[in-house]
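User: Please examine the structure shown below. I shall ask about its chains, its helix packing and its interface in turn.

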Amino acid sequence: MFFRMVKGALLRQKAKMAMIAFTVALGASLATAMINVMLDAGDKVNRELKTYGANINVIPKGASLLNDIYGVGEGSGVSDKYLKESELGNIKTIFWAFNIVDFAPYLETPAKLKNGSAINLAGTWFSHHLELPTGESLDTGMISMKKWWDVQGQWLSDGDTDELMAGTAFARQNNLKIGDRIDIISVNKTYSFKVKGIFNSGSQEDLRAYVPLAKAQEMSGRNGLVSRVEVSALTTPDNELSRRAAQNPNSLSIKEWETWYCTAYVSAICYQIDEVMTDSVSKPIRQVAQSEGAILEKTELLMLLITILSLAGAALGISNLVTASVMERSSEIGLLKAMGAYDIHISLLVLTEIAITGMIGAAAGYFAGIGFAQIIGRSVFDSAINIKPAVIPLVAFLVFVVIIAGSIPAIRFLLALKPAEVLHGR
Amino acid sequence: MKMKRYAFYLKMVTSSLIRRRSRMFVALLAVAVGATILSGLITIYYDIPRQMGKEFRSYGANLIFIPSEDKSYMDADSLKKAVSYLSPDDIVGVTPYRYKTVKINEQPFMAAGADLAQAAKTSPFWYVSGRWPQKEGEALIGQEVADIIRLNAGSQFFITGMTANNKPFKRGFTVSGIVQTGGSEEAFIFMSLADFENMAGGDNAIDIAECSVSVSAAELDRVSKIINENVEGVTARPVKRISESEGTVLKKLQSLVYLVTVVILLLTMICVATTMMAAVAERRREIGLKKALGATNAAIVAEFIGEDVFLGIFGGLLGAAFGFVFAQAVSINVFARSITFQPLLAPITVFASIIITAAACFIPVRRAAEIDPAIVLRGE
């Protein structure tokens with residue numbers, strides 16, 4: 001009997017119930033879209049922030065950046081240490097391998113021009129295809145690391161053997177244009193290069209010229225060696241634990257150490273890179289690593305607050321409508337009461353009707369919400385939003401609570417009705 | 001006669017609102033929530049570039065001043081002149097630096113004199129263990145320097161070298177803190193400009209100045225061009241990596257909030273509209289009675305629209321106020337800064353609420369008005 005009544009009520013008031021279902025669907029789709037976008041926005045923005053370039057610098061143990069500062073370079077005993085090219089793939093096998101976005105090795109090569117003036121020449125990967133021991137493969141290198149570079153002409157490819165890329169300052173000093181040739185002397189041999197591209201990086205790199213890594217190794221006679229690696233990794237903002245760990249990982253208790261090791265702190269990723277590269281020291285580039293953390297935190301908080309606002313809006317909208325639509329059924333309820341229905345029966349009847357309608361609406365809304373989330377993801381980040389199944393129970397719970405909460409004032413109103421008055425037509 | 005009709009119309013609208021207090025309250029609430037979301041989100045949307053722009057300054061300097069090509073240093077006055085081309089509100093910090101190669105224990109190091117209070121602003125990413133120098137004779141040393149000569153916070157060391165006039169000097173310093181940056185700064189020794197001048201001589205000469213300004217990349221390019229043309233001896237150069245990337249990321253963030261705003265607004269408006277439709281639908285009996293008494297369809301539609309305009313005005317005003325409160329709360333929680341009130345937004349919110357409520361009622365009222373009063377009144 002109960003279910004026949006529910007079914008009857010649902011079918012009789014098709015239009016009204018459809019409206020409730022529609023509103024619930026809207027609210028649910030809003031909740032689904034916002035929660036999904038919110039959960040994924042941090043990750044997406046983090047990837048965007050990678051345009052700031054590498055946040056970790058890997059150098060051989062003992063070598064320092066003296067070359068950059070004093071021009072104390074090759075042969076002085078401090079920077080004659082190297083990393084092995086064959087070990088570079090290991091960077092993609094660490095615990096946080098998934099968080100390593102890109103990396104590029106560099107080999108500084110001693111070189112001078114015909115007139116004897118020394119130049120900054122380095123070999124690197126431009127877009128290098130790498131087969132990993134795990135069976136995966138990836139493409140990485142400068143082209144994806146230095147997205148902000150303004151390149152005239154073309155990027156090099158790793159197969160080019162007699163072409164180079166010059167920085168704007170380098171090109172100006174040597175009067176070079178795209179297509180020009182330049183002779184470079186390295187270890188008593190002369191090589192001739194054609195300028196394939198000129199880049200403007202707006203930094204010290206403009207004074208340099210780049211050739212493919214293999215060519216630089218051949219010129220300097222350092223086969224299979226690189227002098228440093230820049231790594232771009234997705235990291236978690238630093239906290240007290242990671243700061244202590246960065247100073248000395250051994251000072252942590254075993255439990256703290258595990259937490260630290262298994263969180264994508266920049267210091268933990270550095271530590272893991274040191275484990276897989278022989279004699280290496282990884283250093284976070286604080287300018288990039290720290291700022292990323294700050295911006296990420298702000299973005300996530302902002303999205304969270306917007307989500308809360310939209311959820312509150314959706315909740316009020318739904319409960320308003322539920323209240324309004326339950327209240328108008330006063331004459332029907334009055335009749336039931338006159339026939340001797342108990343309050344509990346009436347409440348259950350109304351709640352069941354609303355809950356069934358609501359759940360149908362919520363299911364439709366969930367799928368619409370996924371659609372909205374994907375529209376946002378596609379148009380803002382050019383990539384799909386990662387849909388998390390955990391959102392389903394969350395949305396279902398929210399909708400349920402909102403519907404019940406919205407029905408309570410209406411049910412109280414219905415229970416207080418006097419059947420005689422209602423049926424009389426007041 | 002005309003006056004009387006207006007008075008009667010107003011009386012009908014207001015008494016209808018007052019008589020059905022609780023229902024109208026529900027409708028008002030719906031409109032107010034919609035308006036709150038509208039005004040709150042739009043305020044946030046407009047404020048994001050400004051607020052986030054400030055956050056992005058944690059990447060450090062996005063503009064540097066260097067001496068023009070024919071000079072080896074710039075003087076403090078021309079730097080001041082160059083800085084005056086930037087709007088003071090946008091400047092986060094300007095740090096002049098002087099560099100000199102010095103020796104500690106006969107090993108070469110680079111000493112840098114800087115306005116340290118400003119350096120803390122232009123380079124907020126520096127991680128200092130210990131503290132920044134506060135007194136005369138204190139220095140901040142890079143991690144690498146500390147490793148090489150084994151210094152800790154509190155240790156003493158002596159710097160030797162040649163002054164600008166080629167006279168040898170020797171001065172003692174106390175380490176106040178050790179700085180980690182992951183960059184070349186770790187190989188420097190930082191001290192205040194006054195200490196640097198006392199030590200190495202040479203007044204008002206600046207090698208380089210870092211500047212952190214919260215403006216867009218295009219604006220930065222424009223200002224640098226003006227400075228390069230008008231200030232002699234100083235070349236302004238935007239730091240491309242910082243300014244360009246900031247532009248890309250900010251644009252993405254803003255379009256994210258924009259899309260989210262549009263989606264939320266759309267859904268909220270539909271929510272408001274369905275609530276209003278439900279409110280009209282339950283008044284069919286009243287409409288029927290009025291028609292039976294001789295009201296024209298137009299008169300009925302006009303009455304309902306009138307009620308909705310009232311709802312729209314009050315809901316919109318409430319929403320504009322709450323929306324600002326909400327945007328303010330978000331801004332203070334997220335960015336720890338307050339936002340400016342956009343006066344234009346209040347009338348826009350009210351206007352939008354009126355349009356939405358009126359449009360939401362128009363269709364159901366029209367349909368209700370076309371119904372035969374006899375059927376409605378009989379209770380079908």
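User: How many helices and strands does chain A have?
Analyst: This is a predicted model, in which local features need pLDDT of at least 70, side-chain atom pairs count only at pLDDT 80 or more, and totals for chains, interfaces and linings use all residues. Residues are numbered from 1 along each chain as its sequence is written, chains are lettered from A and ligands numbered from 1 in the order in which they are written, and side-chain values use heavy atoms, with hydrogens and water left out. Helices (H or I, at least four residues) and strands (E, at least two) are DSSP runs numbered from the N terminus. On that basis, chain A has 14 helices and 14 strands.

User: What percentage of the residues in chain A is buried?
Analyst: Buried means under 20% relative accessible area, exposed over 50%, and partly exposed in between (1.4 Å probe, protein chains only). Chain A contains 426 residues. The buried share of chain A is 52%.

User: Is Gln217(A) buried or exposed?
Analyst: Gln217(A) sits in helix α6 (residues 213–220) of chain A. Residues up to four places away in sequence not being counted, Gln217(A) touches Glu85(A), Leu107(A), Arg222(A), Asn223(A), Gly224(A), Leu225(A) and Val226(A). Because its relative accessible area is 6%, Gln217(A) is buried.

User: At what angle do helices α12 and α13 of chain A pack, and how far apart are their axes?
Analyst: Axes are lines fitted to C-alpha atoms, for helices over the stretch in contact, and angles run from 0 to 180 degrees between N-to-C directions. The pair consists of α12(A), residues 343–381, and α13(A), residues 391–415. The packing angle is about 145°, and the axes are 9 Å apart.

User: Which residue classes make up the contact of α12(A) with α13(A)?
Analyst: Residues contributed by α12(A) include Ile346(A), Val350(A) and Ile354(A), while those from α13(A) include Val399(A), Phe400(A) and Ile403(A). Ala, Val, Leu, Ile, Met, Phe, Trp, Tyr, Cys and Pro count as nonpolar, Asp, Glu, Lys and Arg as charged, and the others, Gly among them, as polar. The contact has 17 nonpolar, three polar and one charged residues.

User: What are the packing angle and the class make-up for α2(A) with α12(A)?
Analyst: Helix α2(A), residues 14–49, packs on α12(A) at about 35°, with the axes 5 Å apart. By class, their contact has 18 nonpolar, eight polar and three charged residues.

User: How many helices and strands are there in chain B?
Analyst: Chain B has 380 residues, of which 50% count as buried. Among its contacts between residues at least 6 apart in sequence, 80% join residues at least 24 apart. Chain B contains twelve helices and twelve strands.

User: What area is buried between chain B and chain A?
Analyst: In this interface, 60 residues of chain B contact 60 residues of chain A. Buried area is the accessible area (1.4 Å probe) that two parts lose on being put together, summed over both. Carbon and sulfur atoms give 72% of the total, which is about 5,900 Å².

User: Which three residues supply 13% of the area that chain B buries against chain A?
Analyst: The share of these residues is more than that of any other three. They are Tyr59(B), Lys240(B) and Arg241(B).

Key
Contact = heavy atoms within 4.5 Å.
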